[in-house]
Structure formats: structure tokens, C-alpha cells
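Visitor: Could you give me a close account of one part of this model, with its neighbours and its surroundings?

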Amino acid sequence: MSDQLHRPSEIQRGRIAYRRRQTIRSVLLAALSTAVVGVLLAVAVTGAPGWDRVRQSFFSPEVARRYLPDILEGLWLNVRLLVVCAVLALALGLLIATLRTLRGPVFFPVRAMATGYTYTFRGLPLIIVIYLMAFGIPGLRLQGTPGVLVLGGAALVVTYGAYLAEVFRAGIESVHPSQLAAARSLGLTYRQTMRHVVLPQAIRRVAPPLLNDTVALQKDVGLVSLAGPIDAVRAAQIGVAQDANYTPYIVAGVLFVLLALPLIGVTDWVTLRAARRQSAGA
Amino acid sequence: MLLSCENVRKTFGATVVLDDLSLAVDEHQVVALIGASGSGKSTLLRCVNLLTGIDDGTIRLDGEDITDPRVDPDRVRQRIGMVFQSYNLFPHMTVLRNITLAPERVHKRAAAEIRAQALEWLGRVGLADKADSYPDRLSGGQQQRVAIVRALVNSPRLLLLDEVTSALDPELVGEVLTMIRGLKDEGMTMVLATHEMGFARQVADRVVFLDGGRVLEEGPPEQVLGDPTQARTRQFLARIIEAGRL
Ligand SMILES: Nc1ncnc2c1ncn2[C@@H]1O[C@H](COP(=O)(O)OP(=O)(O)OP(=O)(O)O)[C@@H](O)[C@H]1O
Ligand SMILES: [Mg+2]
């Protein structure tokens with residue numbers, strides 16, 4: 001209220017000036033050490049005996065330019081696949097985690113199946129799941145079997161769904177029992193308690209690890225190329241085979257990092273916010 | 001008789017917490033449960049609210065056996081309000097939402113009407129300006145008053161209060177006690193567990209001393225707190241006086 005009128009004392013002004021000097025000093029030091037490390041690295045790499053050959057076969061601007069459009073087109077597939085798979089895997093994970101909390105003998109088979117599912121798919125390597133789904137299911141020659149792209153996507157969803165289910169479950173278990181007692185004492189049913197009291201708190205708490213798994217998913221989306229669809233990785237692979245030059249992989253790698261940056265940024269921001277809220281709420 | 005516990009037994013593994021406990025509470029009556037830490041006050045309240053099952057005996061609310069396994073516990077809890085020592089407000093909801101959730105979802109009342117009632121209650125307990133705040137922005141005393149309002153908007157037949165002031169600083173205790181005294185004047189039936197003998201003396205019609213899992217002594221506050229018949233009660237009260245809480 002009276003803050004605008006407050007004039008800092010001599011001592012406080014001295015502290016502020018001191019802190020400002022310290023800040024400037026740290027920034028200068030950081031800049032200097034970054035420059036030194038950068039120069040050393042550059043000298044070490046470019047001075048290496050094989051640098052010329054590596055530069056030609058990994059960093060050829062000409063090759064990069066030739067395959068960039070194909071790789072970009074493939075990347076668009078990755079992006080679409082990522083969005084669809086992330087949404088479906090999150091929904092599946094939440095569903096499985098919720099099913100595992102159901103109590104009562106009637107739900108025993110549901111609980112058992114949900115538990116079996118998370119155990120299996122957290123242990124099974126993604127590559128094997130992709131092969132099984134993309135090559136095994138079409139092998140059945142059933143009517144209306146979807147294409148390999150959909151099957152590959154489904155492999156990603158079931159694998160990540162299992163991981164995300166465990167994250168959601170950890171969140172659900174982290175909600176203190178007293179919150180359940182309070183909700184039930186108000187007459188809320190078990191389902192209403194889950195929906196209005198437990199899940200909202202659980203999801204808020206596990207938002208950072210959930211986003212982190214989404215970043216991992218965005219990399220693994222590239223693995224559907226194993227089943228055939230031409231995504232960014234596959235497009236790069238074709239380029240590498242044609243020109244006997246590895247530059248397309250570098251191009252694809254850089255694009256993947258650029259794609260992940262916003263997601264990683266959001267994750268860091270959410271994590272930071274969660275940490276702040278926790279320390280403020282204690 | 002609004003509430004009657006008959007020969008209630010409750011165990012946790014090998015620990016017998018309540019043993020052949022009987023207690024009756026009439027409508028509009030305020031009963032204070034006192035007893036040493038671990039004597040089963042909280043457990044008894046949780047049993048009455050069906051938050052935990054009992055191992056023997058019967059609990060009746062308005063004559064209905066609520067411990068019958070065929071009774072839907074959710075419907076029983078709709079008629080009982082409970083307030084906890086640690087408030088247990090929902091941290092992700094505003095004060096207003098905390099209060100309106102149950103009336104809206106459980107009692108299916110109209111949103112506008114609930115809102116008006118909630119705001120009126122908040123005004124009465126001096127928290128009108130906190131309706132849109134989140135619980136972590138409130139002092140302990142304010143949170144506890146919200147928790148009581150949250151239980152009250154469901155118009156419970158019976159209100160259970162479990163040491164609602166023990167997490168509060170002494171200067172915040174008063175505002176919660178004033179609120180409870182007001183409820184008594186309005187005729188609310190209450191069972192409250194407390195360590196505040198002064199408070200028990202002021203609001204309770206009857207004081208019940210729990211010891212060894214049963215009711216060892218009960219009666220008007222002046223008698224139980226002033227002139228107890230049982231040696232154990234006298235010991236307990238002497239310790240409390242020593243701790244400066246009478
Ligand atoms: N969930 C539980 N599992 C095992 N034992 C429990 C559980 N809840 C309570 N107890 C035990 O039951 C006994 C009674 O506990 P209760 O919380 O009812 O006591 P209280 O009278 O409320 O004590 P206080 O005054 O400290 O709140 C204690 O010995 C406690 O350890
Ligand atoms: Mg207790």
C-alpha cells in the first residue's frame with residue numbers, strides 16, 4: 001500500500017548497487033568462458049586429421065539443399081503423427097490409470113487386464129511392437145486392415161500409453177488420502193471424487209513428466225519409418241543411399257531438434273511453474 | 001434420538017481402538033468427545049461417517065441402521081457433515097467452488113441458488129471477499145471456516161468436527177469457536193472431538209470421556225470437567241491442566 005512512497009535506506013541502496021555489480025561480473029565471466037570453450041572445440045574438431053572427409057560426407061551444403069524438400073515433406077508426416085499419437089496415448093494412459101484404481105470384485109478382470117497391459121508394453125521394445133503391428137496384423141489378411149502408417153501409429157500409442165498410464169497412476173497416488181476423505185464426507189461418489197478432486201490434482205502434478213514423455217515420443221515417431229512410411233528419417237535414408245553421403249541425416253537431426261525445442265520449452269516452463277507453486281503452497 | 005452407537009467395536013489389525021462403545025446423541029444436542037491422544041476420537045467420528053467400517057455393533061442415524069451393508073454409504077454421508085483438523089479444502093478449487101461442488105453434484109441443486117447461499121454464508125463468517133481466492137492464500141482460521149461452511153451448505157442433520165482448532169494459532173482459534181457457538185444457537189446437532197476443555201465447557205451439552213476404547217464417563221460439562229467420578233478422568237484432566245489447556 002505504502003510501497004510507492006518507501007525510499008530505500010542507505011544500506012539497502014548499497015546492497016542493490018552491490019548486487020548489480022555482481023550480476024554484471026557474472027555475465028561477463030560467463031561470456032568469456034563460453035568463448036574460450038567454443039574456440040577450443042572448433043580448433044579441436046576442424047584441426048582433426050579426418051575433418052575434411054567428415055565435412056564432405058556429413059556437412060555438404062549441396063547435398064543438404066538437394067534433399068531438404070523431401071525431408072521437410074517427411075517431417076510434416078512426423079508432426080501429424082506426433083500430434084495424433086500424443087493425444088491418443090495421453091487419453092489411453094489416463095483411461096488405463098483410472099481403470100487400475102477401480103475397486104470391487106466386479107472390476108477384477110478390468111484391473112488385471114490394465115495391469116497386464118502396462119507391465120507388458122513397458123517391457124516390450126518399441127521396435128518389436130512396430131514390427132508386430134505393421135507386419136503381423138496385415139499378415140492376418142483380415143478385411144479392412146488399416147495401412148502401415150495407422151498400424152505404426154497404433155504401435156506408438158499402445159507403447160506410450162503404458163508409460164503414460166504409470167505417470168498418471170503415480171499422480172493419482174500422490175493425492176493425499178485426506179482429500180478423498182473430505183470429498184467422500186461431502187457425499188460425493190467414488191467416481192465424482194476421482195473426476196472432481198483426485199484427477200485434476202493428479203494431472204497438474206504430473207504435467208512435467210507427461211510433457212517430457214511427449215518429447216521422447218516426438219523422437220520415436222521417426223521409428224515408424226521402419227514399417228515403410230516415408231517420414232523425415234526415411235526420406236533422409238533414401239538420400240543417404242542415393243548419394244553415399246550422410247548429410248541428409250544431419251539435416252533430419254537438426255529439424256527434429258528444432259521441432260522439439262518449443263515442446264521442451266513448454267515442459268521447462270510448466271516444471272518451473274509447478275515447482276514454484278509447490279514451494280509457495282507449502 | 002438422532003445418532004446412536006451401540007456396542008461399536010473397531011480394530012486396526014491387533015489394535016482394538018473402539019471396544020463395545022455406546023453413545024447416544026439427541027437432536028440439537030452438542031456432544032464433546034475428550035480423551036487422550038490415541039483414545040479413538042477421530043476413529044469414532046470416521047466410523048459414524050462411514051469413512052471406515054466397524055467390526056461389530058450398530059450405528060443408527062435417525063433410527064436407520066447405517067452400518068447395514070445394504071445401505072448406500074454415499075446417501076448416508078449426504079446427511080452428515082464432517083470437518084477435519086487439517087481443513088482438507090480442495091487446493092485446485094476456489095473457495096466458492098469448494099463450497100458449491102457438493103450441493104451441485106451431490107444434491108443437484110440449481111447453480112444460482114447454491115452460489116447465493118454460499119456467498120451469504122461466506123459473508124456471515126466474514127469471508128465474502130475470499131470467494132474467488134484459492135485455499136493456499138487463506139490463513140488457517142479462514143480455511144477452517146470455509147471448511148465448516150462447505151459442510152453446512154449441504155444442510156446436514158449432523159455435523160462431526162474433529163479437532164477443528166488444533167492446527168490453529170491461539171489467536172485464530174477464537175474466530176472458529178465463535179462460528180461453532182453460532183451453529184449451536186441455531187440448533188445444529190454436533191459431535192466434536194476436542195482438546196480444548198474450555199471450549200467443551202462452553203458449547204457442549206454433554207462431555208464424553210473416551211478411555212480404553214469405551215465411554216468411561218459422560219455427563220454435563222460442569223460435572224465431567226469439574227467433578228469427575230472416575231480416577232482416569234481426573235488423571236487426564238490433571239495432565240491437561242498441567243499443559244495449561246483448561
Ligand atoms: N488407519 C489406521 N491404521 C492403523 N491404526 C490406526 C489407523 N487410524 C488410527 N489408528 C490407531 O487407532 C488409535 C486411535 O486413533 P485416533 O486417531 O482415533 O485417536 P484420537 O483419539 O483421535 O487421537 P488424537 O487426539 O491424537 O487425534 C491409535 O492408536 C491409532 O494409532
Ligand atoms: Mg484425532
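**Strand β8 of chain B**

Guide: Within β8(B), Met190(B) is the bridge partner of Val30(B). The model is predicted: local features require pLDDT of at least 70 and side-chain atom pairs pLDDT 80 or more, while totals for chains, interfaces and linings use all residues. Residues are numbered from 1 along each chain as its sequence is written, chains are lettered from A and ligands numbered from 1 in the order written, and side-chain values use heavy atoms, without hydrogens and water.

The bridge of Val30(B) and Met190(B) belongs to the pairing of β8(B) with strand β3 (residues 30-34) of chain B, a parallel arrangement with four bridges. Strands are DSSP runs of E with at least two residues, helices runs of H or I with at least four, both numbered from the N terminus; two strands pair if DSSP finds at least two bridges between them.

Strand β7 (residues 158-162) of chain B also runs parallel to β8(B), and five bridges join the two. Here Thr189(B) of β8(B) has Leu158(B) opposite. Between β7(B) and β8(B) the chain passes through helix α6 (residues 170-185) of chain B, and this β-α-β crossover is right-handed (clockwise from the first strand over the helix to the second, with the strands pointing away from the viewer).

Buried means under 20% relative accessible area, exposed over 50% and partly exposed in between, with a 1.4 Å probe and protein chains only. Both faces of β8(B) are covered: one carries Thr189(B), Val191(B) and Ala193(B), the other Met190(B) and Leu192(B), all of them buried.
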